[in-house]
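This briefing covers aromatic contacts, helix packing and selected residues. Please read it alongside the sequence and the model.

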Amino acid sequence: MANTLHIVGGGMAGSEAAWQAANMGVNVVIHEMRPQVGTFAHQTGLLGEMVCSNSFRSDDSEQNAVGLLHWEMRQANGLIMQTADKHRLPAGGALAVDRDPFAQSVTDALMAHPNVTVEYGEITALPDSGHWIIATGPLTSSTLGQAIAAETGAEALAFFDAIAPIVYFDSINMEKAWMQSRYDKGETEEERTAYLNCPMDRDQYEAFIDALLAADKTEFHEGETAGYFDGCLPIEVMAERGRETLRHGPMKPVGLTNPHQPDIKPYAVVQLRRDNKLGTLYNIVGFQTKMKYGTQANVFKCIPGLEDARFARLGGIHRNTFLNAPTLLTNDMRLKSRPNIRFAGQITGVEGYVESAAMGLLAGRAAATEILGGALDVPPNTTAMGALITHITGGADAKTFQPMNVNFGLFPPVEGLGGGRRGRKDRYKAYTDRAKADWLAWLAPQAAAA
């Protein structure tokens, strides 16, 4: 069993790592604590369960860094992208999926793989020997978290991830709401009408902000601090930063025309995105919240069109623990103090489903290559994966390290192209063209050796 790869955690990163290593011919054991040990956010024991949004964000591989990351993962035979494509839902230019069939398909694919075994139960200590990947995600169990903190000698770092509410479609008043993607974005009519929009005039917006500010909020436990990741701020925290903040964020009214009142420009717009293939559930975009359950429904029913809304799920908030990766991890994702252990996924300090799965892809390939007697070079930092792993394992300032989504700010500049907004479209295309060529070149030797 010395040549077996053990992966702790069956989320996005753990599932992707297992798939990559197993396809390279390595025996893999996934250790998943669910359903024996649950979390407040998970609903099932399925591998690859999505607990927050059902979106993998932009699928544009020419003008968007996360879309480029999608492309790189597809080129590497990524399980998460294959499965997302199979269960995708209309979402404008984004890649959204039907979450329950998605998780079931990820589980089925791994269970059917001859090189993969799943063992259910909690891992509570860091192993002294063998090949391991820790991919326990934002809800790492307290016992394992304590073991990691004891090993690294550092206090556990944490921020709070907030979950947006989900509304039943048949409870939305479509005499006030309408279907339209921002700027009519999308190749088909279904894509161009992928979002549901609820308009507000100025008085309605001001009343909504007042309700948010006055709402009862979840209290933090002793010793916890509200260190939010800026890409996932609760709406009430945004409102506290200024009354116009939401109107210039998730409630911005641009690129939309209300067919019920085409001559009146909304002061603000709340968008909802389809959450399942049937179209019976919609999640409120950007409305992560830490309001108490008893308050949420009343506040959200202030939104025009949602006066009689019924909620399939209310918002929630949970602690998300991550490593100070620039200090603790090598560039091939090893824990410096225990080189037999790699980390992958959100616990490394990346943020988002796709970024987590991408770190699993790299960790799985690196560990499998080592087991097979070789060594895997880190992808060049001109690629999306390379830029991301370079950032978290050394490119970021360890003193101020915070979770990071992939973005073009992590990429080295393209020679001859300046900054600024004016040339941004050409610059992003140059980034993605270069990345695609470099990614294929990085994959080529691995494909030849397979």
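**Aromatic cluster, helix packing and local geometry**

F208, F287, F300 and F311 form one aromatic cluster. The model is predicted, so local features need pLDDT of at least 70 and side-chain atom pairs count only at pLDDT 80 or more, while totals for chains, interfaces and linings use all residues. Residues are numbered from 1 along each chain as its sequence is written, and side-chain values use heavy atoms, with hydrogens and water left out.

**Aromatic rings**

- The search of the whole structure gives 14 aromatic pairs, where rings of Phe, Tyr and Trp (its six-membered ring) pair if their centres lie within 6.5 Å.
- The ring centres of F287 and F300 are 5.9 Å apart and the planes stand at 45°, so this pair is tilted; planes under 30 degrees apart count as stacked, over 60 as edge-to-face and the rest as tilted.
- F287 sits in the loop between β13 (281–284) and α9 (293–300), and F300 in helix α9, so the pair ties together parts that are 13 residues apart in sequence. Helices (H or I, at least four residues) and strands (E, at least two) are DSSP runs, numbered from the N terminus.
- Both F287 and F300 are buried; buried means under 20% relative accessible area, exposed over 50% and partly exposed in between, with a 1.4 Å probe and protein chains only.
- R247 lies over the face of Y267, at 3.9 Å from the ring centre. The criterion is NZ of Lys or CZ of Arg within 6 Å of the ring centre and within 35 degrees of the ring normal.

**Helix packing**

- Helix α2 (residues 65–75) packs on helix α13 (residues 424–449) at an angle of about 20°, with the axes 11 Å apart. Axes are lines fitted to C-alpha atoms, for helices over the stretch in contact, and angles run from 0 to 180 degrees between N-to-C directions.
- α2 and α13 are therefore roughly parallel to each other; angles under 35 degrees count as roughly parallel, over 145 as roughly antiparallel, 65 to 115 as roughly perpendicular and the rest as oblique.
- The α2 and α13 crossing is right-handed, which is the case if the near helix is turned clockwise from the far one by less than a right angle, and left-handed if anticlockwise.
- On the α2 side the contact is made by L68, W71, E72 and Q75, and on the α13 side by T432, A435, K436, W439, L440 and L443; contact means heavy atoms within 4.5 Å.
- The axes of α3 and helix α4 (residues 99–112) come within 9 Å and cross at roughly 135°, and that makes α3 oblique to α4.
- α3 passes α4 in a right-handed crossing, with L79, I80, T83, A84 and K86 of α3 in contact with F102, S105, V106, A109 and L110 of α4.

**Positive phi values**

- Most residues other than glycine have a negative phi.
- N77, in the loop between α2 and α3 (79–86), has a positive phi near 60°. N77 is partly exposed, with a relative accessible area of 34%.
- M333, in the loop between α10 (325–328) and β16 (334–335), has a positive phi near 75°. M333 is buried, with a relative accessible area of 2%.

**Surroundings of F343**

- F343 lies in strand β17 (residues 338–343) and is buried, with a relative accessible area of 0%.
- Not counting residues up to four places away in sequence, F343 touches I134, I148, L323, L329, M333, L335, T348 and A363.
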